[in-house]
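User: I would like to learn how to read the features of a model step by step, beginning with the overall picture and then turning to the details. Could you take me through one?

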Amino acid sequence: MEQEYDIIVLGTGLKECILSGLMTLSGKKVLHIDKNPYYGGESASISPLEELYKKFKTPGPPKSMGRGKEWNVDLISKFFLSTGQMVKILLHTEVTRYLDFKVVEGSYVYKGGKVHKVPASEKDADASDLMGMFDKRRFKKLLLFALNFDIRNPRTHHDVDPHKTTTRELFHRYDLGLDVIEFIGHAIALHNSESYLDRPCVETISRIRLYSDSLSCRNTSPYLYPLYGLGEIPQGFARSVLCTGRSSVNC
């Protein structure tokens, strides 16, 4: 019997599965196809371990690695901020019904031959050995500014134009040292280069708030991770598509 579909999606990578889920929620009939025997595309979690060795055409695995089914290996490893866009999408589409998450135990940086917890609250700042006494005060002032900042309320801007003031100028305003700037920019705001320093500070302020809000939800760490690997996320979207009765997935 012939079937008619509104949309055909090729591949079960994360973005393809998100699109399928959102289109199905909007009432579209979707056919979802993948040539691979597993979900996830480039963001898959390969299990058992034998499949990973087969994928990369490498002999193994060695017996010392134990049972292959006890492994889930992410092709692209990453965590999710607990109040970030990905988690909001999972909640909106109700894909969380098909997933189990665990909270990552902590967020740390390695500096000066030691491992340090990343401070993202006033309490953390007081206990941190990443900063001296005066830097702690300055960091807490910046953190308070970022947490109270509202782009729609000029009173919270404290004479800082968020679209014209650069992040470098904002840090200079609070007289932050280079070590403090480094962990704020890369361990809290999660920038991957120094170019953010010369861009408008509104982006970095938003990132600091996101990190702090995510941390306040979980206490120990701002990060969540799918219990059985990142491949569970596209698979969860695919399951949600199937459960609507309006779509099908073929691998």
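Analyst: This is a predicted model, and its protein chain holds 9 helices and 10 strands. Along the principal axes, the C-alpha trace spans about 70 × 50 × 30 Å, and buried residues make up 44% of the 251 residues in the chain. Among the contacts with a separation of 6 or more, 62% are accounted for by residues 24 or more positions apart.

User: How much accessible surface does the protein chain have, and what share of it belongs to carbon and sulfur atoms?

Analyst: The accessible surface comes to about 14,800 Å², with 53% of that area belonging to carbon and sulfur atoms.

User: How should I read a search for cavities, and how many of 30 Å³ or more does it find in the whole structure?

Analyst: The general idea is that rolling a probe the size of a water molecule over the atoms shows where empty space is left. Here the search of the whole structure finds 1 cavity of 30 Å³ or more, and the volume of the largest cavity is about 30 Å³. Its lining is formed by Phe139, Leu142, Leu143, Ile184, Ile188 and Ile208, and the elements that give two or more residues to that lining are H5 and H7. The largest share, 3 residues, comes from H5.

User: What classes of residue make up the lining of the largest cavity?

Analyst: By class, the lining has 6 nonpolar residues, with no polar and no charged ones.

User: Finally, how do I read a sheet, and why is one side of S5 and of S6 left without a neighbour?

Analyst: Strands of a sheet pair through backbone hydrogen bonds, either parallel or antiparallel. In this model, an open sheet of 3 strands runs in the order S5-S9-S6 with antiparallel pairing. Strands S5 (80-81) and S6 (101-103) stand at the edges, each with a single partner strand, so one side of each has no neighbour in the sheet. The antiparallel pairing of S5 with S9 extends over 2 bridges, and Phe80 stands opposite Leu224 in S9.

Terms used:
Residues are numbered from 1 along each chain as its sequence is written. This is a predicted model: local features need pLDDT of at least 70, side-chain atom pairs count only at pLDDT 80 or more; totals for chains, interfaces and linings use all residues. Side-chain values use heavy atoms; hydrogens and water are left out. On a 1 Å grid over the protein atoms alone, a cavity is a set of points where a 1.4 Å probe fits but cannot get out, and a pocket is an open set with protein on both sides within 12 Å along at least five of seven lines; lining residues have an atom within 4 Å of a point. Grid points are joined across faces, edges and corners, and a volume is the space filled by probe spheres set on the points. Helices (H or I, at least four residues) and strands (E, at least two) are DSSP runs, numbered from the N terminus. Ala, Val, Leu, Ile, Met, Phe, Trp, Tyr, Cys and Pro count as nonpolar, Asp, Glu, Lys and Arg as charged, and the others, Gly among them, as polar. Two strands pair if DSSP finds at least two bridges between them. Buried means under 20% relative accessible area, exposed over 50%, partly exposed in between (1.4 Å probe, protein chains only). Contact means heavy atoms within 4.5 Å. Accessible areas come from the Shrake-Rupley method with a 1.4 Å probe; for residues, only the protein chains shown count as cover.
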